[in-house]
Each structure stands twice: as structure tokens, then as C-alpha cells.
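Here are my notes for your first pass through this model. Please keep the structure open while you read.

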Amino acid sequence: MRRQFAWLLAVHDAQPLPPGVSGLAVSVFDHWLSEDEAREHLAHVPPAEQARRDGLHARFAQLVLAQTEALTYVWRGRRKDRAVFRRFTDVEAPRTGQRPFRLVLPAWQAVFLEGWDDTHSVFSTSPETVQRVKDCAAACGLFVLDVA
């Protein structure tokens with residue numbers, strides 16, 4: 001597993017994407033927010049609107065988890081640079097709002113990182129995964145944005 005996801009630390013630490021790794025963002029927003037838009041849309045979000053956003057992301061997570069196995073991971077070692085993988089068994093977590101998710105999807109050759117701003121990141125070495133993510137996002141009413 002460590003060999004398959006040798007690039008995990010780079011994407012986890014927001015370093016430049018290694019060759020062969022593509023990134024997508026899954027968001028409730030249809031574009032990247034400017035600073036002004038971020039202040040407007042992310043500060044003091046009414047509870048009903050936050051519940052709506054959380055519901056969209058929960059449906060996305062449940063749809064993905066229904067299609068493929070997921071593993072979670074923790075960082076170990078003196079420099080916290082060695083991933084230790086564990087089976088992700090709490091498939092109800094997206095519905096209950098337990099956060100943040102850091103998942104590895106081995107069959108999709110992908111990593112899912114939940115963000116704090118109603119936008120989550122998916123990184124993969126598989127071109128097929130890009131279409132799977134787009135299909136799942138569209139089915140849930142979410143948007144897919146390119147990660148630079």
C-alpha cells in the first residue's frame with residue numbers, strides 16, 4: 001500500500017503534485033471563491049445552509065463508499081512521514097458529521113481529503129477515477145473544480 005501511495009505525503013502537505021497525479025476539488029460552489037466571496041459565503045453560514053452543504057457532501061461520501069473500499073491513515077515515525085493504513089469501517093460517519101476525513105481508495109488509486117471550506121480534494125493516478133468523481137459529484141448536486 002505504501003508503494004501504491006508513495007505520493008501521499010506530497011498531496012497531504014499541499015506540495016506540488018508529483019508527475020502522474022491529478023487533482024480535483026468537489027465543492028458546493030461552482031467556481032473557486034475570491035477572498036471577498038469566501039468571506040461572504042464561509043463566515044457566519046446559517047445553520048440550515050450549513051446542513052444543506054453537509055448533506056450534499058455526506059451523500060457524495062456515501063456514494064463513493066458504496067462503490068469502493070476505503071482506508072483511513074495516520075502518520076507514524078519520528079518525522080511523522082510514514083503512513084499506516086487502517087480499514088475505514090464507520091460508513092455512517094459522513095451522515096453524522098464526524099470530520100475530517102482522510103481516506104485512501106486503493107481500487108480507485110485515489111486519496112480523498114476533506115476540507116474545512118465546503119470543498120474537498122481528490123487526488124489520483126488513475127484517469128478513470130476523474131470520471132468516477134465527476135459522476136458521483138453530479139449525482140449529488142456538487143461541482144468539480146480543477147486543482148492547479
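Is Arg86 buried, partly exposed or exposed?

1. Start with Arg86. This model is predicted. Arg86 has a relative accessibility of 41%. Buried means under 20% and exposed means over 50%, so Arg86 counts as partly exposed. Look for Arg86 in strand 3, which covers residues 82-87.

2. Now look at the charges around it. Arg86 belongs to a positive surface patch. The patch is formed by Arg2, Arg76, Lys80, Arg82 and Arg86.

3. Lys80 lies in the loop between strand 2 (71-76) and strand 3. Check its backbone: phi is positive, about 50°, although Lys80 is not a glycine.

4. Next, go to Gln109. Its phi is near 50°, again a positive value in a residue other than glycine. Gln109 sits in the loop between strand 4 (102-105) and strand 5 (110-113). Gln109 has a relative accessible area of 32%, so it is partly exposed.

5. Finally, the cysteines. How many disulfides are there? The count comes to zero. A disulfide needs two cysteine sulfur atoms within 2.5 Å. The sulfur of Cys136 has its closest cysteine sulfur in Cys140, 6.7 Å away, so the two are too far apart for a bond. From the side of Cys140, the closest cysteine sulfur is in Cys136.

6. Check the cover on these two cysteines as well. Cys136 is buried, with a relative accessible area of 2%. Cys140 counts as buried too, at 8% relative accessibility.

Key: Residues are numbered from 1 along each chain as its sequence is written. This is a predicted model: local features need pLDDT of at least 70, side-chain atom pairs count only at pLDDT 80 or more; totals for chains, interfaces and linings use all residues. Side-chain values use heavy atoms; hydrogens and water are left out. Patches are made of residues with over 30% relative accessible area and no salt bridge: like charges are joined within 9 Å, nonpolar side chains (Val, Leu, Ile, Met, Phe, Trp, Tyr) within 5 Å. Accessible areas come from the Shrake-Rupley method with a 1.4 Å probe; for residues, only the protein chains shown count as cover. A salt bridge is a side-chain nitrogen of Lys or Arg within 4 Å of a carboxyl oxygen of Asp or Glu. Lys and Arg count as positive and Asp and Glu as negative; His and the chain ends are not counted. The place of a charge is taken as NZ of Lys, CZ of Arg, CG of Asp or CD of Glu. Helices (H or I, at least four residues) and strands (E, at least two) are DSSP runs, numbered from the N terminus. Buried means under 20% relative accessible area, exposed over 50%, partly exposed in between (1.4 Å probe, protein chains only).
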